[in-house]
Amino acid sequence: MPATTARLRTEGLTKAFPARSGAGDRVSALEGVEMTIDPGEFVSIVGPSGCGKSTLFNLLAGLDRPSGGRILLDGRPADNLLGEIGYMPQADLLMPWRTVLDNTALGLQLNGVKRAEARERARGEFQRFGLAGFEDVWPSQISGGMRQRAALLRTFLAGREVMLLDEPFGALDALTRQEMQQWLLRIWQEDRKTILFVTHDVEEALFLSDRVYVMSGRPGRIELCVEVELERPRELERTMTAPEFAELKLKLIEPLRRASAAARAEDG
Ligand SMILES: Nc1ncnc2c1ncn2[C@@H]1O[C@H](COP(=O)(O)OP(=O)(O)OP(=O)(O)O)[C@@H](O)[C@H]1O
Ligand SMILES: [Mg+2]
């Protein structure tokens with residue numbers, strides 16, 4: 001028996017989709033995915049495009065059903081995960097017709113919190129999320145980094161112990177991205193929620209995580225799991241220039257390259 005019960009665990013998780021053209025084989029998106037995430041951990045998943053990362057998140061969030069295997073939340077087999085886990089999907093959009101404040105309050109409102117109270121609670125986090133002063137503007141009037149922080153705030157406010165973040169910084173320029181990584185670590189350190197984070201960026205994964213899973217090309221399997229024993233709290237420059245950081249990067253890059261090359265060969 002493990003010393004602590006895993007917060008989230010997948011056992012032999014498999015997902016196949018019907019073939020798009022009607023006839024023909026089913027598309028196998030995930031095959032036998034085994035992962036363990038302990039309470040309060042920050043865990044990242046890297047893998048080639050199309051390997052099933054978003055599919056995995058959809059299963060964990062309860063938006064779709066696995067074809068095989070199971071998901072355990074706090075040790076219990078989770079048959080209906082909808083609403084149990086916070087989820088910021090890859091193409092996260094703020095609603096253009098709601099102000100920034102009303103967008104961030106949405107997660108609470110969906111939980112049944114009344115609009116006025118939801119707005120007050122959201123407002124209380126604007127400073128910490130770097131959004132103070134932008135409560136009453138439209139999403140189109142704030143920067144890309146701020147939009148991502150607003151979408152993150154909406155996810156955080158929903159108050160779940162586990163949060164799935166699917167490439168939240170993918171569309172940001174390098175500098176903004178680094179600022180956001182440091183900011184997210186601070187927020188995580190304050191709140192100690194369990195975070196599962198998808199990224200294409202090995203450095204981002206290492207800087208943020210306690211553990212990194214590398215997925216193979218489609219059908220996605222866990223190819224490798226690397227423990228990141230870099231000391232915390234982490235400071236960007238110091239962490240990224242540490243010799244251990246370079247060693248970990250080497251460990252991840254070669255398997256990831258192989259998985260990507262295999263995925264390209266499969267597609268092409
Ligand atoms: N609803 C669906 N019906 C059929 N096939 C699907 C469906 N959703 C995903 N797929 C297929 O499953 C595979 C995995 O897709 P998924 O979006 O999970 O990949 P990903 O790892 O998130 O990719 P990316 O890094 O580009 O975001 C792809 O081949 C995709 O075409
Ligand atoms: Mg995806």
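This is a predicted model: local features need pLDDT of at least 70, side-chain atom pairs count only at pLDDT 80 or more; totals for chains, interfaces and linings use all residues.
Residues are numbered from 1 along each chain as its sequence is written, and chains are lettered from A and ligands numbered from 1 in the order in which they are written.

**View 1. Domain 1 meets domain 2.** Domain 1 covers 8-85 + 162-267 and domain 2 covers 91-159, with bounds from an automatic or database domain assignment. Nine residues of domain 1 are in contact with six of domain 2 (contact: C-beta atoms, placed from the backbone, within 7 Å). On the domain 1 side, helix α5 (residues 174-191) gives the most, four residues. Helices (H or I, at least four residues) and strands (E, at least two) are DSSP runs, numbered from the N terminus.

**View 2. Helix α2 and its cover.** Look for V100, L101, N103, T104, A105, G107 and L108, the buried residues of α2 (residues 100-110). Buried here means 20 or more other C-beta atoms, placed from the backbone, within 10 Å of a residue's own. The cover over them includes α3 (115-123) and α4 (144-157). Just after α2, G112 has a positive phi of about 100 degrees.

**View 3. Strand β9 and its partners.** Four of the five residues of β9 (residues 211-215) are buried. Strand β3 (residues 42-46) pairs with β9 in the parallel sense over four bridges (pairing needs at least two DSSP bridges), and S44 stands opposite V212. With β10 (residues 222-227), β9 pairs in the antiparallel sense over five bridges. Here R211 stands opposite E227, and a hairpin joins β9 to β10 through six residues.

Definitions and conventions: Two residues are in contact if their C-beta atoms, placed from the backbone, lie within 7 Å. A residue is buried if 20 or more other C-beta atoms lie within 10 Å of its own, exposed if 12 or fewer, and partly exposed in between; C-beta atoms are placed from the backbone.
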